[in-house]
Amino acid sequence: PLQQTAADYAMYVADDEVKELNPAGEWNTTRIIFTPEQVEHWLNGKKVLSFVPWSDDWVERKNNGKWKDFPDYGKFKKGYIGLQDHDSPLWFRNIKVKRL
């Protein structure tokens, strides 16, 4: 679940009771709102995940999980945005980034 669609990879799980994925061949829409106070991930119009970045809970998850041996994970508060797949067909369209 920590690596499935809409999760904050290896940190926070998306709410499966709310999450609705469209079938293969149909587009899904996502919206990520990231501020220093709150992160929200919306999938197909429904909020599936939220957390407070750099909070005590976030630091504990980072230090005790997949990222414990990566001291720079989450260190930078601005920079590049990466899009990732796991060697499967994947398409992106209409990507917009807006400073809040």
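The side chain of H41 gets to within 3.2 Å of the backbone oxygen of A6. This is a predicted model, in which local features need pLDDT of at least 70 and side-chain atom pairs count only at pLDDT 80 or more, while totals for chains, interfaces and linings use all residues. Residues are numbered from 1 along each chain as its sequence is written, and side-chain values use heavy atoms, with hydrogens and water left out.

H41 also has a polar contact of 2.5 Å with T30, side chain to side chain (a pair of N or O atoms within 3.5 Å; within protein, one must be able to donate a hydrogen and the other to accept it, and residues adjacent in sequence count only if both atoms are side-chain atoms). H41 counts as buried because its relative accessibility is 13% (buried is under 20% relative accessible area, exposed over 50%, partly exposed in between, with a 1.4 Å probe and protein chains only).

H41 sits in strand 2, residues 39–43 (strands are DSSP runs of E, at least two residues, and helices are runs of H or I, at least four, numbered from the N terminus). Strand 1 and strand 2 run antiparallel, joined by 5 bridges (strands pair if DSSP finds at least two bridges between them).

As for charges, the whole structure holds 5 salt bridges (a side-chain nitrogen of Lys or Arg within 4 Å of a carboxyl oxygen of Asp or Glu). One of them links D57 and R61 at 3.0 Å, N to O. These two are about one helical turn apart, because 4 residues separate them in helix 1.
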